[in-house]
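Biologist: Could you take me through this model, one question at a time?

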Amino acid sequence: MESMKIKTHIGNDKIIKIELPDEFADQELEMVIVFQRIAKTSLKSENKSPKELGYSQRFLEEVIGSWQGQMIEIPEH
C-alpha cells in the first residue's frame, strides 16, 4: 500500500485531479480518499505560530533557552 499527501483546491465543479508517479501507469488501483478541510488562515501561510501549533506560553518559557549541553552546530548545505 502506498500513500501520498497533497494539498489542493476544489473548485465549484467538485473535480479533483490526482497525478500519480509513472510506476502506477496502466494498472488497476483501489483508492481510499480521506480529506480534511484546511482553515483559511493556514492557507495563507505555512508558518504557524507556536500558539497555533498548540504550545502553551508556559511550555515555551520553560523550554526556550533551557538547553545546557554543548552547542549544536548544523552545517550549511
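This is a predicted model: local features need pLDDT of at least 70, side-chain atom pairs count only at pLDDT 80 or more; totals for chains, interfaces and linings use all residues.

Modeller: Residues are numbered from 1 along each chain as its sequence is written, and side-chain values use heavy atoms, with hydrogens and water left out.

Biologist: What radius of gyration does the protein chain have, beside that of a compact globule of 77 residues?

Modeller: The C-alpha trace spans about 55 × 30 × 25 Å along its principal axes. The radius of gyration is taken over C-alpha atoms, and the globule rule is 2.2 Å times the number of residues to the power 0.38. A compact globule of 77 residues would come near 11 Å, but the protein chain has 21 Å.

Biologist: What share of the 77 residues is buried?

Modeller: Buried means under 20% relative accessible area, exposed over 50%, and partly exposed in between, with a 1.4 Å probe and protein chains only. Of the 77 residues in the protein chain, the buried ones make up 3%.

Biologist: Is Lys7 buried or exposed?

Modeller: Lys7 lies in the segment before helix 1, where helices are DSSP runs (H or I) of at least four residues, numbered from the N terminus. The C-alpha atom of Lys7 is separated by 9.9 Å from that of Gln36, 29 residues apart along the chain. Because its relative accessibility is 52%, Lys7 counts as exposed.

Biologist: Which class does Ile16 fall into at 39% relative accessibility?

Modeller: Ile16 is also found before helix 1, which covers 40-44. Since its relative accessibility is 39%, Ile16 counts as partly exposed.

Technical notes. Helices (H or I, at least four residues) and strands (E, at least two) are DSSP runs, numbered from the N terminus.
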